[in-house]
Amino acid sequence: MNHDPFHWGRPSADTYGEYNYNIAHASNADRSTSTNSEFPRMHTQQPMITGTSVIAIKYNDGIVMAADHMGSFGSLMKLDDLQRIIPVGKSAAVGISGDISDFQYLERLLDDLEIEDSYDMESDNLKADYLSEYLTRVMYNRRSKMNPLWNAIIVAGFDGKGELVLKHVDLLGVSYSSPTLATGFGNHLAIPLLRKKVDSEEDVKKLSKEDAIQTVKDCMKVLFYRDARSWNKYSLCVIEKSTQSIEIEKDVAVEGMRWDFAQHITGYGIPQL
Amino acid sequence: MPSIALLTAYAIEAIKQGSAAVGLVSKTHVVLAALKRNAEELGSYQKKIIKVDDHMGVALAGLAPDARILSNYLRQQAMSSKMVFNRPLSLSKAVHSIADKAQENTQSAGGRPYGVGLLVAGYDDSGAHLYEFLPSGSVLEYVGAAIGARSQAAKTFMERKLEDFPDASKEQLIEYALTALRDTLAQDKELNSANTTVAVVGVDQDFTVYDDDDVEPWLNLLDSLANTRNTALKEEDDDEDDDDNDGDKAASAEGQTATAPAAGAGDSSDSGTQPSAESESMDVDP
Amino acid sequence: MTSIGTGYDLSNSVFSPDGRNFQVEYASKAVENAGTSIGIKCKDGIVLATEKIVSSKLLAPGKNKKIQTIDRHVGVVYSGLIPDGRHFVNRGRDEAQSFKSLYKEPMGLEGLISRLGYYVQAYTCYNSVRPFGINAIVGGVDDSGAHLYMVEPSGVYWGYMGAATGKGRQAAKAELEKLDLPNISCKDAVKEAARIIHLVHEDNKDKDYELEISWVSTEETGGVHKFVPADLLEEAKKYAEEEAEGGSDSDSGSDSDSDEEME
């Protein structure tokens, strides 16, 4: 969906009077007309500091997920050491893209959930399927208040029976599952590559852990090449069903890059030598 | 005005006025069985077992309206757990949520404690569970529990058979529960399909209540529907009876002494002269 | 207590002529006969232990845990009315949660116990409520190290190196004093805790009990409150029983204990 209110159409001027274009701006400070009471209440209209794609793929004994370490402020690289895949409890890892302040809010929400879960000192009840449902409810409630958390989330881990869970939740409160998942630009750049390896649940059985990791690494490289808001340092999360383990490796670097072609590129504003 | 602490003690007495309910746990199942009363012969029998969710339910002894308030609260908790987490409410969370409600009423004035005891049975991620809830806010997990009139008799039976429960099948467990319930009967009473209610929940088994015709097959598991213990007690004279008697009297001292001056094996009138807590008169056998 | 029956003991918030609040004193009575609980402050954390009297054969073994968690790094054990203890713990959790939502970091032990002290004290001030019928031992590890406190029904709290409450508190205190506190390690304290609970239970031998031990240790649990692992609990129980048998002549037994601690 396109989140730009200008694309949503507008009430006819004949019936409702001239459209107030200020409505589409995040702030009503500079509006030309009238008082607060006449102006609709506004919430976040765009994210500020953002994290780009999270990608994930299922393999025959687990899931591999990755997200880079950058926080962008528009086209400015504001943060370069931002871990966006976080472990939650013993059975889940959550990868979050989109607004970073909302990500930090979610991080705290999940931490509170973890503490509440620790009240039961004998068992770990925070399974990945419960978490994804919880996050879906949070996202849906917020969007229903017209005040969404500007994120897309991938939840990966195990359910109560130790089976794999891989779910995508977005700012509208929509959730779905697939053997390959991505958020943001990854949906356009990584998904086709991931689906080459795994197109259906059937293909999952044929993909080994090593191949899955390699595929995800290749995708992170393509994303770094082509997504201007991405970075060459990322977290790699490997989930293994047979050992019920979740490991998150930080500061993985994109390898084997070749930029020598860049000197031949012309026509992007800066005169090329 | 009596102190709040005293009121709590009185509330626990209200449970003893209610007809008995028993619960038993195996590794895979939990069974509840309870004795229903009807206020008059043409009246319906008071519901004793309330389903809360597919995986849990309660049996009550004491003030039925209070039990409805509590079970309704449990239903809300269960629905909210399903809604927010898509997770069946854990039994321990459930019982402690009502325990905390009940505790409030024991520490501050302005309300009265709940006048009902509950046996909460269910099956969740951590297996089969049976809890006893009391108006004091006390909640304890049992392998076998009984509340209500003459429940000590059922407890005595269960203590004796304790080792058999963990590996019992669903059917065996129901048989044990009904036998325990039978032990709480007054001398001239029998279990029948009208006054007996059974519920079971466990692995791949949603909480199911059996009443009326549906309970008949379970009653057929028993060799006798009358309280064999009553007749047996008269014949046997070993220590065991004495223990039973003592237990009965000790446990329900206040409830019983008013009406029954140490009449035999605690099988004296079912507090018939006292106003019944479930607003019913004594059991009437059809 | 000559004032019993004069009416001054019926209501909370009323002082007797000699300046006592009887409701608070009665609440302490509820604690005096309850199962014993102890807390030990160690060099790397704290250890909590409690004696759980098994009042019925029908109680599910190993369930009905009494030690509770307020926050990741804070544990509680109490003697007295268990429902009151749960109320107390719920309040502690609320305090820790609201602190964290405001300051985005875990609540310190000093701050937490101070808030809980206020809360418990408030229940001695009004005739619409009764005091808490518990003595709660609260312990944990924060930025400034290990802390152990005990709150009483009056709302008063003190910091301790070794705390004991419940029926066997006198004997337990005597044993705690013999330990090398707070230089003992959590691992050793677990064994000593088991020994002390086992020892003070002797007076109450006709009733069975279950032993519960938890710890918060920088060395053993990464500063998180947890029950001690099953194998360590078994080891501690064995140690407790051996000590009880070997040292029924308590002097020799306790001597060897303190020797061990010194090393």
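Me: What share of the accessible surface of chain B belongs to carbon and sulfur atoms?
Reply: The model is a predicted one. The accessible surface of chain B comes to about 11,800 Å². The part of that surface on carbon and sulfur atoms is 51%.

Me: What percentage of the residues of chain B count as buried?
Reply: Buried here means under 20% relative accessible area. Chain B has 286 residues, and its secondary structure comprises nine helices and 10 strands. The share of its residues that count as buried is 57%.

Me: Which helix of chain B gives the most to the side that touches chain C?
Reply: The contact takes 22 residues from chain B and 19 residues from chain C, and the two chains bury about 1,800 Å² between them. There are 11 residue pairs in polar contact between chain B and chain C, counting pairs with both residues at pLDDT 80 or more. On the side of chain B, helix 3 (91-107), strand 7 (139-141) and helix 4 (151-161) each supply at least two residues. The most, five residues, comes from helix 3 of chain B.

Me: How many charged residues are on the side of chain B that touches chain C?
Reply: Across the interface of chain B and chain C there are two salt bridges. In one of the pairs, Lys63(C) meets Glu141(B), with the closest N and O atoms 3.6 Å apart. By class, the side of chain B that touches chain C has eight nonpolar and 10 polar residues, and the number of charged residues is four.

Me: How many salt bridges are there across the interface of chain C and chain A?
Reply: Here 16 residues of chain C are in contact with 10 residues of chain A. The two chains bury about 1,100 Å² between them, 52% of it on carbon and sulfur atoms. The number of salt bridges across the interface of chain C and chain A is five.

Me: Which strand of chain C supplies the largest share of the side that touches chain A?
Reply: Between chain C and chain A, five residue pairs are in polar contact, with both residues at pLDDT 80 or more. Strand 3 (68-71), helix 2 (82-103) and strand 10 (225-227) of chain C each supply at least two residues to the side that touches chain A. That side has three nonpolar, six polar and seven charged residues. Its largest share, four residues, comes from strand 3 of chain C.

Me: Which residues of chain C are linked with Asp111(A), Asp112(A) and Glu114(A) in a network of salt bridges?
Reply: Side chains of opposite charge can pair when their charged atoms come close. Asp111(A) meets Arg72(C) in a salt bridge at 2.7 Å, N to O. The network that links Asp111(A), Asp112(A) and Glu114(A) also holds Arg72(C) and Lys100(C).

Me: How many residues apart in sequence are the parts that Glu240(A) and Lys209(A) tie together?
Reply: The side chains of Glu240(A) and Lys209(A) meet in a salt bridge at 2.7 Å, N to O. Glu240(A) counts as buried at 16% relative accessibility, whereas Lys209(A) counts as partly exposed at 27%. Because Glu240(A) lies in strand 12 (residues 233-240) and Lys209(A) in helix 7 (residues 209-226) of chain A, the separation of the parts they tie together is 31 residues.

Me: Which helix of chain C holds Lys191(C)?
Reply: Glu235(C) and Lys191(C) form a salt bridge at 3.9 Å, N to O. The pair links distant parts of the chain, 44 residues apart, with Glu235(C) in helix 6 (residues 230-246) of chain C. Glu235(C) is partly exposed, with a relative accessible area of 43%, and Lys191(C) is partly exposed at 24%. The helix that holds Lys191(C), residues 186-201 of chain C, is helix 5.

Me: What is the relative accessibility of Asp18(C)?
Reply: The structure holds 37 salt bridges over all chains, and one of them joins Arg20(C) and Asp18(C) at 3.3 Å, N to O. Arg20(C) counts as partly exposed at 25% relative accessibility. Asp18(C) counts as partly exposed too, and its relative accessibility is 44%.

Note on methods. Residues numbered from 1 in each chain as written. Chains lettered and ligands numbered in written order. Predicted model: local features only at pLDDT ≥ 70, side-chain atom pairs only at ≥ 80, totals over all residues. Heavy atoms only, no water. Buried < 20%, exposed > 50% of the residue type's maximum accessible area, 1.4 Å probe, protein only. Areas by Shrake-Rupley, 256 points an atom, 1.4 Å probe, with all protein chains shown as cover. Contact = heavy atoms within 4.5 Å. Buried area = accessible area lost by both parts, 1.4 Å probe. Salt bridge = Lys/Arg side-chain N within 4 Å of Asp/Glu carboxyl O. Polar contact = N/O pair within 3.5 Å; in protein donor to acceptor, adjacent residues only side chain to side chain. Nonpolar A, V, L, I, M, F, W, Y, C, P; charged D, E, K, R; others polar.
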